[in-house]
Amino acid sequence: MREHYTQSFRVEEVAQRAGMSVSAFYRNFQAVTAMSPIQFQKQIRLQEARLLLASHPNDVTGVGMRVGYESPSQFSREYRRLFGAPPSQDAARLRAAHGAAPATL
C-alpha cells in the first residue's frame, strides 16, 4: 500500500493477497494501524502531499493529482481536515517555519 499509495485499490484484492478474508484483514489492519485501509491510504497521500508542497507551494492542484486525488476540492478538504489549514496556507506556514529555524549540522 505504501509503494502504490497513488493508485486506487479494492480491500478484497489486498485481503486476498494477504491470504485473509476481508473481515480478518480489516481486524488485523485496524489492530496494527488504528485505522481502516482507506484511511491509511488517505493519510499516506496527504503526508506525501505535505512534503511535496514544501518544494512546490504554488502547485496545489498538481500536488493533489500527483498523490492520487482526482478532485482538487476533495484534496483541499481532506488536507485541511488533517492539517488544520488549506494546502497553500499550510505550505506557506511550513516554509516560514523552516526558513526561520536555525540551521544545524
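Predicted model: local features only at pLDDT ≥ 70, side-chain atom pairs only at ≥ 80, totals over all residues.
Helix α3, spanning residues 37-55, packs against helix α5, spanning residues 72-83, at an angle of about 90 degrees. The axes of the two helices are 10 Å apart. Because angles of 65 to 115 degrees count as roughly perpendicular, α3 is classed as roughly perpendicular to α5. On the α3 side, the contact is made by Lys42, Leu46, Gln47, Ala49, Arg50 and Leu53. Helix α5 contributes Phe75, Glu78, Tyr79, Leu82 and Phe83. By residue class, the contact of α3 with α5 comprises seven nonpolar, one polar and three charged residues.

Five salt bridges are found in the whole structure. Asp90 takes part in two of the pairs described here, one with Arg50 at 2.8 Å (N to O) and another with Arg93 at 2.4 Å (N to O). Asp90 and Arg93, by contrast, both belong to helix α6, where a spacing of three residues separates them by about one helical turn. Asp90 is buried, with a relative accessibility of 0%, whereas Arg50 is partly exposed at 23% and Arg93 is partly exposed at 42%.

A further salt bridge joins the side chains of Arg10 and Glu12, at 3.7 Å (N to O). Both partners are partly exposed, Glu12 with a relative accessibility of 41% and Arg10 with 48%. Arg10 and Glu12 also belong, together with Glu13, to a network of salt bridges.

Key. Residues numbered from 1 in each chain as written. Heavy atoms only, no water. Axes fitted to C-alpha atoms, helices over the stretch in contact; angles between N-to-C directions. Helix = DSSP H or I, 4+ residues; strand = E, 2+ residues; numbered from the N terminus. Parallel < 35°, antiparallel > 145°, perpendicular 65-115°, else oblique. Contact = heavy atoms within 4.5 Å. Nonpolar A, V, L, I, M, F, W, Y, C, P; charged D, E, K, R; others polar. Salt bridge = Lys/Arg side-chain N within 4 Å of Asp/Glu carboxyl O. Buried < 20%, exposed > 50% of the residue type's maximum accessible area, 1.4 Å probe, protein only.
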